Amino acid sequence: MLLKNLHHKLVMQAPQWLRLPVALIPFAIKKPAMVFMLQRIFKEALSDGDFEFLEGRFLKVSVDELKLSCFITLKQGQLMVLEQSDVCDVSFAAGLNDLILIAGRKEDPDSLFFQRRLRIEGDTELGLEVKNLMDSLDLDELPKIIRLALNDLALFVQQGIQAPESADTRAATI
């Protein structure tokens, strides 16, 4: 029970603990890491032209608790990440844990949207294309180390989000 409580608190409070360290890292350092990960994760989709709908359009992705956002666009077949943009065609915003669950396929984006844990604003058609592209991503195509790390992290978050039973609840069910 103590470990479940600790696990739950860790998962629920980790985003707040990460806010300061993430804020202290300059965007010039975060950007190459984000571009590398996006290019690697979406390598096949990029080579297949699945991102053409994003050419000249801007997707804003925000992680609520980290107060982190970036703009993603496609230019000449390459994904680009910008810190700021005057244009935002569609915006996706959610908490860190929810984004991890989506990425690890432990939670459906539609469910989170209807629970108001994932907010999509702006061009509805573009937002649907982005969501459908994410849904079509084959996790088996990811490098094994990324796939395993993402799966383990999503499972850890999924199990940690579940509130541990209190002593009163356990006694009532016995």
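How many salt bridges does the structure hold?

## Salt bridges

The structure holds 5 salt bridges, each a side-chain nitrogen of Lys or Arg within 4 Å of a carboxyl oxygen of Asp or Glu. This is a predicted model, in which local features need pLDDT of at least 70 and side-chain atom pairs count only at pLDDT 80 or more, while totals for chains, interfaces and linings use all residues. Residues are numbered from 1 along each chain as its sequence is written, and side-chain values use heavy atoms, with hydrogens and water left out.

## Asp98 and Arg117

Asp98 lies in helix α4 (residues 96–103) and Arg117 in the loop between α5 (109–114) and β5 (118–122), so the pair ties together parts that are 19 residues apart in sequence. Helices (H or I, at least four residues) and strands (E, at least two) are DSSP runs, numbered from the N terminus.

Asp98 is buried at 10% relative accessible area, and Arg117 is partly exposed at 28%. Buried means under 20% relative accessible area, exposed over 50%, and partly exposed in between (1.4 Å probe, protein chains only).

## A network around Lys131

Asp110, Lys131 and Asp135 are linked in a network of salt bridges. Lys131 meets Asp110 at 3.5 Å, N to O. Lys131 lies in helix α6 (residues 124–136) and Asp110 in helix α5, so this pair ties together parts 21 residues apart in sequence. Lys131 also meets Asp135, at 2.6 Å.

Lys131 is buried, at 10% relative accessibility. Asp110 is partly exposed at 30%, and Asp135 is partly exposed at 35%.
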